[in-house]
Amino acid sequence: MIKLEHLGFAVKNLSEADELYGRLLGTGPYKQEKVPSEHVITSFFKVGDVKIELLEATSNESPIAGFIKKRGEGIHHVAFEVQNIELEIQRLKAQGFQIIYEEPKKGADNKLVTFIHPKSTGGILVELCQEIS
Ligand code: ZN
């Protein structure tokens with residue numbers, strides 16, 4: 001894995017969270033994007049080299065809706081950037097990690113993404129992302 005790319009926070013209301021994190025970080029989001037495959041709308045903030053991704057569900061099918069129902073708002077996932085997501089999926093499967101999407105999906109921010117189930121990572125949902133060139 002190359003680096004910590006972003007942290008994903010589950011929020012109930014994106015415009016309220018944009019305002020809150022704008023005040024906290026001292027700067028507003030630099031972009032907002034819908035991700036139809038995950039039924040979410042996202043906002044991105046920059047903090048040095050790392051990004052904060054705020055995620056609001058756009059339907060009840062969204063994993064974010066399920067997360068908030070179960071656990072409330074808070075840290076939803078930690079994302080690491082990788083150079084070659086297919087190779088990394090094979091490597092991690094061989095190491096016994098439970099990959100959620102064996103076929104990476106198009107995520108936010110021009111990236112291919114997959115997730116590793118928190119059951120196999122000590123309770124943390126881990127995202128792998130690779131920049132689409
Ligand atoms: Zn993410």
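**Exercise 1. State how the span of helix α1 (residues 14-25) compares with the expected span.**

Step 1. Helices (H or I, at least four residues) and strands (E, at least two) are DSSP runs, numbered from the N terminus; α1 has 12 residues.
Step 2. The expected span is 1.5 Å times one less than the number of residues.
Step 3. From its first C-alpha to its last, α1 reaches 16 Å, close to the 16 Å expected.

The model is predicted: local features need pLDDT of at least 70, side-chain atom pairs count only at pLDDT 80 or more, and totals for chains, interfaces and linings use all residues. Residues are numbered from 1 along each chain as its sequence is written, and side-chain values use heavy atoms, with hydrogens and water left out.

**Exercise 2. Determine which residues of α1 are buried and where they lie around the axis.**

Step 1. Buried means under 20% relative accessible area, exposed over 50%, and partly exposed in between (1.4 Å probe, protein chains only).
Step 2. L14, A17, D18, Y21 and G22 of α1 are buried.
Step 3. These buried residues line one face of the helix because they fall within an arc of 135° seen down the axis; the arc is that of the directions from the helix axis to the C-beta atoms.
Step 4. An α-helix has 3.6 residues a turn, so residues three or four places apart point the same way.
Step 5. S15, E16, R23 and L24 are exposed on the other side of α1.
Step 6. The buried residues pack against β1, β2 (31-35), β3 (40-47) and β4 (50-57), where contact means heavy atoms within 4.5 Å.

**Exercise 3. Carry out the analysis for helix α3 (residues 85-94).**

Step 1. The buried residues of α3 are I85, E88, I89 and L92.
Step 2. They cover an arc of only 105° around the axis, which puts them on the same side of α3.
Step 3. L87 and A94 are exposed on the other side.
Step 4. The strands packed against the buried residues of α3 are β7 (111-116) and β8 (126-131).

**Exercise 4. Identify the protein donors of the zinc ion and classify their arrangement.**

Step 1. Donors are N, O and S atoms within 2.8 Å of the metal (3.2 Å for Na, K and Ca); water is not among the atoms, so sites may look incomplete.
Step 2. H6 (NE2), E53 (OE), H77 (NE2) and E127 (OE) lie 2.1 Å from the zinc ion.
Step 3. Four donors count as tetrahedral if all angles lie between 85 and 135 degrees; four count as square planar and six as octahedral if opposite donors are over 155 degrees apart and all others between 65 and 115; anything else is irregular.
Step 4. The four donor atoms subtend angles of 84 to 169°, which makes the arrangement irregular.
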